[in-house]
Amino acid sequence: MKKTAPAKATPPVQETAPEKPKKNPRSQLENDMLRHIVSSLGSDYERTSAVNYYLALSLAVRDRLIDKWIMTQRAFYEGKVKRVYYLSLEFLPGPFLVNNLLNMEMEDTGEAALHSRGLDLETVAENEFDPGLGNGGLGRLASCYLDSMASLRIPGYGYGIRYSFGIFHQVIENGYQMEHADNWLRLGNTWGFDRPQNLYPVNFYGRVLEWTDEQGRLRHLWADATKVMAMACDYLIPGYGNGYVTNMRLWVARTSREFNLGFFNTGDYVGAVEDKIRSENISMVLYPNDETMAGKELRLRQQYFFVSATIQDITRRFKKKNETWDDFPNQIAIHLNETHPAIAIPELMRIFVDGELLPWEIAWDICSRTFAYTNHTVLPEALEHWPEELLERMLPRHMQIIHEINRRFLDDVRRRYPQDPDRATRMSIVDNGDWRQVRMAHLAIVGSHTVNGVSALHSELLKTRVFKDFQELYPDRFTNITNGVTPRRWLLQCNKGLAGLITEKIGPDWITDLDKLKELIPLAGDAAFRSRWMEVKKQNKARLAALIEQQLKIKVPAEALFDVQVKRFHEYKRQFLNILGVVAQYNRIKDNPAAPTIPRVAIFGGKAAPGYRMAKLIIKLIHSVAYVVNSDPELAGRLKVVFLPNYSVSLAEKIIPAADLSEQISTAGMEASGTGNMKFALNGALTIGTYDGANIEIMEEVGADNIFLFGLKEEHIEEIRAKGYNPRQYYDADPELRRALDMIGNGYFSPAEPVLFRCIIESLLDMGDRFMVLADFDAYQKAQAAAGKLFAKPHEWAKRSILNTANMGKFSSDRALMEYAKRIWNVKPLD
């Protein structure tokens, strides 16, 4: 019989368990936000407080950041990667909330979580105070680089100081700048992680003991020093859409003993806490006024405080995985952002020679292969010098080490240039003139393997003029890396309308590859696209006009040309040239009121250093001119002048998208690079500027027809000065210039104080006009006329605006940061 195969059993029907509902990320963020209102803030989430919801949302976002930060740190250790330590005495990160949501691609989620509570993100985010941890471009550049470091997954950190009070809060009273304390931490340290468990001692003053040990080695001990403790506070920096989170580690000063019970018990209650107050002053205020010796001393204390803590942190981390120091330069790159951290070079040598007992030659080889230095200035007065007496008293061992570095360095110079005995004097780290000074830029150059400038012109000036002797000695040490800005904050975040239009047309890849903007070039010829581009600008200008009216009670026409100069006030940046041009335009309108005029709003903003009298007087002049212009009914709808006080990152985010014309008019050869010029052009503003800094490279990228460059070039200025510059010949030859200067100097804009502004005019006519204002005035007026003529043709202006944005790929901080990584740090992105 044939066997039949058994029938296949039918599997029993099983009831499938219902799928668990997926957690809605919006509701999860909302739940975390509500939890923080209760458990972290001790409040009731039913009370709709915008401040509470700002704090709670920030804490919920911070929770997500710290998880990714831990994963990033683990990857550093597992990959045994080389790390970058970016030392900067300034950072200007701007408000964190919106930027962190954007980089984590959670902006819509955050908006929805707030919307469910009857709030919106823009309103809530307005409650965040700007961390004013820098004076201007230097600090903002450092923050752009941290954003790019995270977005490119470059292993590294930023290091600086967490100032309790940042750059001052600027208030204008009767046209004068007044400085108020900037208590940016008044809502608490929402975004920071204090690390009180890890404190580093930082020593000051004392004396050096010297002896020879049993092995015949010369030894040194820094004794009887005053001790301050440094506590780390970490602020987390997310990369854009990549899960990578690094940190900016800022140091806070703490006393080595909180309370002196002996003083307290004897009734000296002030003495009981005096040591605490004196110690913690170090991180209290950004850049104290260093006109007095006490101010100089505190500033030097700040520099050494953060450098010492940072070097201790670096060496601690290195020693966790290494038993010898041989591999130090292969695992660590220390970058000095300007000369402020240059004391790190003798500090690392002190640790190697005094602490680790390395022979000098080995220690110096390791040290000089570890450091790199970026210079940001060609102005002699901005190149840092410290009195030898102050350094010797505050940091006695470091002064000895600097002298030894200098001795060995000058021996080499004399050996290389025996026929040039003056060269050693010029190049010496210690200036042996009447006032013995330590030249910190020379120390940074000698102790670094690479020195870079920040624009092509600036780097060339460093090599041919400022540090010519050093370039000849170290021809391969100098290079250029032109600055850049992050497109995440400076387009995607601050100009949502324009970013949305760009993404609609070319996709989102430009956010992390700014060269993709070149795909906009063909669209510049598309009339429909130009119209949409102009509509975005119109909306941005309407928002800024509303802000001006709200803050200043001045109505400005949104259809006018918005002519903007916002930056730190300094004579070389020539805000005076701008307001002088405004006075000339005022006169032209008054002389011929029937003539057609392009409506214009001159918009100023920026802070002057508290001790910089001339810069503060120019701020007063701008307000005095504004009062006359804005009060004159004959100029209504034609010319307005406004000064927006307390310029900051958050205010820049409102001004830059609305600008039509970007004023970048520094004296040629004096602005190292500038980054404001890049931000404005990225947002479609046309530049009116000199042949200075990165303006030249912007012209090369966007095309000479799409920018208004004017005035003397750097080499022409040198020729004129060599022949003998006479500013009075320009005054005598130009009636329009003479009239404007006379009005300012003779009290037209200050009738109650006729001589108020005379010292400004005297500085130009009688004291040499150092910044060549009069020599460039005529060319500036012609460039302004050309800009006005083009603005009268909206579609042609829009075409050139589009071409500016489209050709700004080179000026991404991603490009600059990757150049640092490849050419200077020898660091690769983390997989």
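The structure holds 33 aromatic pairs, and the model in which they are found is a predicted one.

**Aromatic residues**
- Both Y200 and W251 are buried, and they belong to one aromatic cluster together with F76, Y85, Y157, Y159 and Y244.
- W325 and F328 form a tilted aromatic pair, whose centres are 5.7 Å apart and whose planes make an angle of 55°.
- W325 counts as buried because its relative accessible area is 7%, under the 20% cut-off, and F328 is likewise buried, with a value of 0%.

**Charges over rings**
- R423 lies over the face of Y417, at 3.9 Å from the ring centre, while K607 lies over the face of F168, at 5.3 Å from the ring centre.

**Nonpolar cores**
- The largest nonpolar core has 153 residues, of which F204, F305 and W825 touch the most other members; helix α2 (residues 50-79) gives the most to this core, with 11 residues.
- Beyond its neighbours up to four places away in sequence, F305 touches I161, V202, F204, V228, M229, A230, W251, V252, A253 and I282.
- A second, separate core of 65 residues includes F576, A668, I717 and F749.

**Confidence**
- The protein chain averages a pLDDT of 94, and 94% of the residues score at least 70.
- Over residues 1-18, however, the pLDDT is below 50, and this stretch has zero contacts in the model beyond near neighbours in sequence.
- Where pLDDT is low, the predicted coordinates should not be read in detail.

Notes
Residues numbered from 1 in each chain as written. Predicted model: local features only at pLDDT ≥ 70, side-chain atom pairs only at ≥ 80, totals over all residues. Heavy atoms only, no water. Core = buried A, V, L, I, M, F, W, Y, C linked by side-chain atoms within 4.5 Å. Buried < 20%, exposed > 50% of the residue type's maximum accessible area, 1.4 Å probe, protein only. Helix = DSSP H or I, 4+ residues; strand = E, 2+ residues; numbered from the N terminus. Contact = heavy atoms within 4.5 Å. pLDDT = per-residue confidence, 0-100. Phe/Tyr/Trp six-rings, centres within 6.5 Å; stacked < 30°, edge-to-face > 60°. Lys NZ or Arg CZ within 6 Å of the ring centre and 35° of its normal.
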